[in-house]
Amino acid sequence: MESMGKKKPRPRRSFTPQFKAEIVELCQRGDRTVGQIAKDFDLTETAVRDWVKQAEVDAGERDGLTSSEREELAALRRENRRLREDVDILKRATAFFAKETR
């Protein structure tokens, strides 16, 4: 009885940029709704809408971060995190050696 009405979460899938571009093109043609396209290709409507939105941002039709800007931001955040960890390690090493020399 406990499992009634509960859906199992779908495993996370990844799609190639070419596949996403084809889906976005289908949506932009206007032949079918986003919901119909998502259902036909076994995708979630949310994912398809996000792909369409990102394509519009990349094309300059909508405000927001382009794909390249998102990639750069992610890389900068990774580098920032690594540098903070390096600084933290150096602070601990400095404190350790300062204690040892007394």
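At what angle do α1 and α3 pack, and how far apart are their axes?

Modeller: This is a predicted model. In it, α1 and α3 pack at an angle of about 90 degrees, and their axes are 9 Å apart. The two helices are therefore roughly perpendicular to each other, since 65 to 115 degrees counts as such. On the α1 side the contact is made by Phe-19, Lys-20, Ile-23, Val-24, Cys-27 and Gln-28, and on the α3 side by Val-48, Trp-51, Val-52, Ala-55 and Glu-56. By type, these residues are eight nonpolar, one polar and two charged.

Several of them also belong to the largest nonpolar core, which has 11 residues, including Ile-23, Val-24, Cys-27, Val-48, Trp-51 and Val-52. The elements giving two or more residues to this core are α1, α2 and α3, and α1 gives the most, with four.

Trp-51 counts as buried, at 12% relative accessibility. Beyond its neighbours within four places in sequence, Trp-51 is in contact with Phe-15, Phe-19, Lys-20, Ile-23, Val-24 and Leu-43.

Phe-19 is partly exposed, with a relative accessible area of 22%. Phe-19 and Trp-51 form an edge-to-face aromatic pair, 6.3 Å centre to centre with 85 degrees between the planes. Phe-19 lies in α1 and Trp-51 in α3, so this pair ties together parts that are 32 residues apart in sequence. Ring pairs join Phe-15, Phe-19, Phe-41 and Trp-51 into a cluster.

How values were computed:
Residues are numbered from 1 along each chain as its sequence is written. This is a predicted model: local features need pLDDT of at least 70, side-chain atom pairs count only at pLDDT 80 or more; totals for chains, interfaces and linings use all residues. Side-chain values use heavy atoms; hydrogens and water are left out. A nonpolar core is a set of buried Ala, Val, Leu, Ile, Met, Phe, Trp, Tyr and Cys residues joined through side-chain atoms within 4.5 Å. Buried means under 20% relative accessible area, exposed over 50%, partly exposed in between (1.4 Å probe, protein chains only). Contact means heavy atoms within 4.5 Å. Axes are lines fitted to C-alpha atoms, for helices over the stretch in contact, and angles run from 0 to 180 degrees between N-to-C directions. Angles under 35 degrees count as roughly parallel, over 145 as roughly antiparallel, 65 to 115 as roughly perpendicular and the rest as oblique. Ala, Val, Leu, Ile, Met, Phe, Trp, Tyr, Cys and Pro count as nonpolar, Asp, Glu, Lys and Arg as charged, and the others, Gly among them, as polar. Rings of Phe, Tyr and Trp (its six-membered ring) pair if their centres lie within 6.5 Å; planes under 30 degrees apart count as stacked, over 60 as edge-to-face and the rest as tilted.
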